[in-house]
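Subject: Structure handover

Hello,

Please find below the structure for your work. My notes on it follow.

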Amino acid sequence: MELKTKWLGKPWNFAEETDSTNDWAKREAGKGAPDGAVFLVRNQTKGKGRRGRSWADPKGSGLAMSLLLRPDMAPERAPMMTVLMGLSAAQAVADVTGKTALIKWPNDLVMSGKKLCGILTEMSMQGSKIAYVVIGIGINLTVEKFSEEIKDKATSLKLECGEAPHVERMAAAVLERFEQNYERFLAAGDLSPFKEEYDSLLASRGREVKILEKGRELVGTCLGIDETGELLVRTPDGECKTVFAGEVSVRGLYGYV
C-alpha cells in the first residue's frame, strides 16, 4: 500500500485475522512497538466498541484498523484524540467518495442517520504518564445487508455511494488525514484549530439531544464542541452545560443521531 504519510503507518502491520486490532496493537505496544505503528486486519473475531459493546464486522466487509501512539502529553488530553479521529475519518470519507459523513459525537460517523463508522480509544499509563494510546477505527465498506437487530441503525459506503472504496485506499486516506490533524493538534495543545470544521459536520448541532447520565436524563440543544472536544449543550433554562464523553451517552431524539 502506498502511503503519503511521514511517520504514521511506519511500520505497517497486516493480518488476515485477529481478535481485535486494538488488542493486537496493545500486545505489540507491550513488546515495544513504536509510535506510529498501524495494525490492519481483514477479519476481526472480537471487534470492540465503546462501553464494552461488540463491533459487528462481517469478514472482509470493512476497514478494521488501529493506530499506536506514544504522545508526550497530559493524560487528560488523550480523549481529544477520539474527536480528532472522528474528524479525520469524516474528511477521509469525503476525500475518497465525495460524500459527506456526519459525526455523532464523540466516536461515530453516520450517513442517512445510520452508523457508518465507530472509533474506540484506549490508553495505558506508566506511573503518571501516558505509556501509549491505541485508537481503533472500523468503517463499514461493502456490507449490503445487515442483521435484523441493526439493519435500521447501520449502513455502509456500498449502500450510501453505490460502490465501496478498496480497504487499503480507505485506510491510507484516514492515516494521511489523521497525521496532518494530529501534528496540528500537538502544536496547538487543544482542538481549537478544528472546532469550526468539526461543528459543521456535527450531526446533532442545533438539534435537541438527550443526555443520559447516571440516574437522570437531560434534554437540551446541542451547540457544538469546545476546544477540548467536550460537547456544549444548552438546557431549557438557558444554562450551557459541558458534557464529558466518558461520563454520559448522548442520543438524538429523532433517530440514531
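What percentage of the 257 residues of the protein chain count as buried? The share is 51%, where buried means under 20% relative accessible area, exposed means over 50%, and partly exposed is in between (1.4 Å probe, protein chains only).

Before the details, a word on the source. This is a predicted model, in which local features need pLDDT of at least 70 and side-chain atom pairs count only at pLDDT 80 or more, while totals for chains, interfaces and linings use all residues. Residues are numbered from 1 along each chain as its sequence is written, and side-chain values use heavy atoms, with hydrogens and water left out.

Overall picture

The protein chain has five helices and twelve strands. These are DSSP runs, numbered from the N terminus: helices are H or I with at least four residues, strands are E with at least two. The radius of gyration is 17 Å, which agrees with the value near 18 Å that a compact globule of 257 residues would have. That radius is taken over C-alpha atoms, and the globule rule is 2.2 Å times the number of residues to the power 0.38. Along the principal axes, the C-alpha atoms fill a box of roughly 50 × 45 × 35 Å.

Of the contacts with a separation of 6 or more, 64% are accounted for by residues 24 or more positions apart; contact means heavy atoms within 4.5 Å. The chain exposes about 12000 Å², and carbon and sulfur atoms supply 46% of that area, by the Shrake-Rupley method with a 1.4 Å probe, where for residues only the protein chains shown count as cover.

Helix α1 covers residues 21-30, and its buried residues are Thr21, Asn22, Trp24, Ala25 and Ala29. They lie on the same side of α1, because they cover an arc of only 160 degrees around the axis. The arc is that of the directions from the helix axis to the C-beta atoms. As background, an α-helix has 3.6 residues a turn, so residues three or four places apart point the same way. The buried residues of α1 pack against β1, β2 (38-44), β3 (62-69), β6 and β7 (129-140). Just after α1, Gly32 has a positive phi of about 100 degrees.

Leu40 is in strand β2 and is buried, at 2% relative accessible area. Leaving aside residues up to four places away in sequence, Leu40 touches Trp12, Asn13, Phe14, Ala15, Trp24, Leu63, Ala64, Met65 and Val167. Leu40 and Ala25 are 15 residues apart along the chain, with 9.6 Å between their C-alpha atoms.

The peptide bond from Lys10 to Pro11 is cis, with omega near 15 degrees; Pro11 lies in the segment before β1 (12-18). Another cis peptide bond joins Trp105 and Pro106, with omega about 0 degrees. Pro106 is in the loop between β4 (102-104) and β5 (108-111).

Ser112, in the loop between β5 and β6 (114-126), is a residue other than glycine with a positive phi, near 50 degrees. Ser112 is exposed, with a relative accessible area of 59%. Its C-alpha atom is 8.7 Å from that of Ala101, eleven residues apart in sequence.

Regards
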